[in-house]
Amino acid sequence: MLGSSIVPVALAFAVLDDLHGSATELGLVLGSRWLALMALTLIGGVWGDRLPRNVVMLSSDVLRMASQATIGILLVTGHAELWQLIVTQAVEGTGSAFFNPASTGIVPHVVEPPRLQQANALLSLTASGTSVIGPAVAGVLVATIGAGWAFVGDAASFAVSALFLADLRLPQTAERIDAPNFLADLLDGWRQFRSQTWMLVIDSWAVLSNMIVIAPFLVLGPVVAKRELGGAGAWAAIAACFGVGAIVGDLTALALKPRRPLVAGCAVVGSLAIPLALLAAAAPTAAIAAGALAAGFGLNLFNTFFVTTMQQQVPAAALSRVTSYDWLASVAFLPLGFALAGPLADLAGRSRLLYGAAIFQVAASLLMVSLPSIRSIRRE
C-alpha cells in the first residue's frame, strides 16, 4: 500500500513533466489501468472463488511487481514513452483485477463474523495511513531524483507483499478447490449479485460517480496544481490531506456502528463534492486540502460500511464473484471519464466541469439515503 500510494502523484508528473504530456494524455494513461481492471475483474472473481485466495493475491503481486519495475527503469534511464506507460499500467490493472475480489473474499475466512467491520476498518486504515506518507514521499522524489524511482519503490513493495502472502495459511475449508463449469460460475455470481437490490442501486450510482466525479478530480486536479497552485508539491499536499481524512474515517469506523450503515455511508460520501468545488474556484491549496480531508473521511467510512454489509449479506463461497461484479460496476465508465475529462474541460471550461461534478455528487447522495432498499439494511 505504501508503494501504491506513491504512484498516483509520480504518474501524473511523469506524464506532465518527464514526457511533456497534456491532461488528455494523462487521462489515457490512467484510463488504461482501469480499462484492464474493468475487462478482467469478472474473470478474477471466478478464480478468486475457485482457487485459494491467498495464491491468487500472491500471483497478482508478482505480476504488478514486474510491470512497475519495468516502467520505473525506463523512466529512470530516460527511455520511457507514452505507450509504455499505457501498457505497463494496463498490466498493473490486470493484477488488480485478480487481487481485489480475492482480497475481499479472504477476510471472512480469517475473521470472526462480529469483527468484520473492525477488520475492514483496520485494513482500510493500513491503506489510509500509507496514503498520507506516500504523496509526501512522491513529491520529494519527483522534485529531486525523478518520478521513475517511485515506480521502482512500488515494485519493491509488491515483492514484500508477496513474501508475506506466501506465509499466509487459510482454514482447510477455504483451500478446497471446486472447479465446475466456468460460465456457470460466472452466471451464478451474477444471480447472487442481482439478488441484492441495495447493491444494484449503489453500484449504479458508482458507475456514474466514478466517471463524473472521481475521474475529473484525478485528471484535472494535477493540472490545476501545476498551473495555479505551484506544482507537484501542492497536489501532493492535497492528496496527503485526503489520506488524513481517510484515516479519521477508518478510526471512526472502528467504533461507529449505526443501525442503518448504508444510510450513514451514502450521506457522508457526499463530501466528495467539497474539493471539486474548491478546485473549480481555484481556492488556495490549504482550502482544497481541507476539502480533500473531508472527502477522504466520507469515502472511507462509506467503503467500510459497504464492504462489511456485502460480506454479511453474500454467501462466503460466492463472495469473490459478487465482489468482482461490484468492482466492475465501480470502474465501468471510469476509463471513459479519464479520457473525456481533458477534452470536456477544454470544451466547457474546467471550472464548469468541476462545479457540475460537485452538484451531481450532492444530489446523488441525497437520493441514495431516501431509497427504501438502502434504508432497509440494518446492521447485524
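Me: Where is Ala156 found?
Reply: Ala156 is found in helix 6. Helices (H or I, at least four residues) and strands (E, at least two) are DSSP runs, numbered from the N terminus. This is a predicted model: local features need pLDDT of at least 70, side-chain atom pairs count only at pLDDT 80 or more, and totals for chains, interfaces and linings use all residues. Residues are numbered from 1 along each chain as its sequence is written, and side-chain values use heavy atoms, with hydrogens and water left out.

Me: What is the relative accessible area of Ala156?
Reply: The value is 43%, so Ala156 is partly exposed. Buried means under 20% relative accessible area, exposed over 50%, partly exposed in between (1.4 Å probe, protein chains only).

Me: Which residues does Leu165 touch?
Reply: Asn54, Met57, Leu58, Asp61 and Phe99, leaving out residues up to four places away in sequence. Contact means heavy atoms within 4.5 Å.

Me: How many Å from Leu165 to Pro275, C-alpha to C-alpha?
Reply: 36 Å, and the two are 110 residues apart along the chain.

Me: New topic. How do the axes of helix 2 and helix 13 cross?
Reply: At roughly 170 degrees, and they come within 7 Å. That makes helix 2 roughly antiparallel to helix 13. Helix 2 covers residues 23-50 and helix 13 covers 319-331. Axes are lines fitted to C-alpha atoms, for helices over the stretch in contact, and angles run from 0 to 180 degrees between N-to-C directions. Angles under 35 degrees count as roughly parallel, over 145 as roughly antiparallel, 65 to 115 as roughly perpendicular and the rest as oblique.

Me: Which classes make up that contact of helix 2 with helix 13?
Reply: There are 10 nonpolar, 5 polar and 2 charged residues. Trp34 and Leu37 are among those from helix 2, and Tyr325 and Trp327 among those from helix 13. Ala, Val, Leu, Ile, Met, Phe, Trp, Tyr, Cys and Pro count as nonpolar, Asp, Glu, Lys and Arg as charged, and the others, Gly among them, as polar.

Me: What about helix 2 and helix 7?
Reply: Their axes come within 10 Å and cross at roughly 100 degrees. Helix 2 is therefore roughly perpendicular to helix 7. Leu42, Ile43, Val46, Trp47 and Arg50 of helix 2 meet Phe182, Asp185 and Leu186 of helix 7. The classes are 6 nonpolar, no polar and 2 charged.

Me: What is the phi of Ala282?
Reply: Positive, about 50 degrees, although Ala282 is not a glycine. Ala282 is found in the loop between helix 11 (273-280) and helix 12 (285-313). Its relative accessible area is 37%, so Ala282 is partly exposed.

Me: Zooming out. How many helices and strands?
Reply: 16 helices and 0 strands. The radius of gyration is 20 Å, close to the 21 Å that the globule rule gives for 380 residues, so the protein is as compact as a globular protein of that length. That radius is taken over C-alpha atoms, and the rule is 2.2 Å times the number of residues to the power 0.38.

Me: How much of the protein is buried?
Reply: 51% of the 380 residues.
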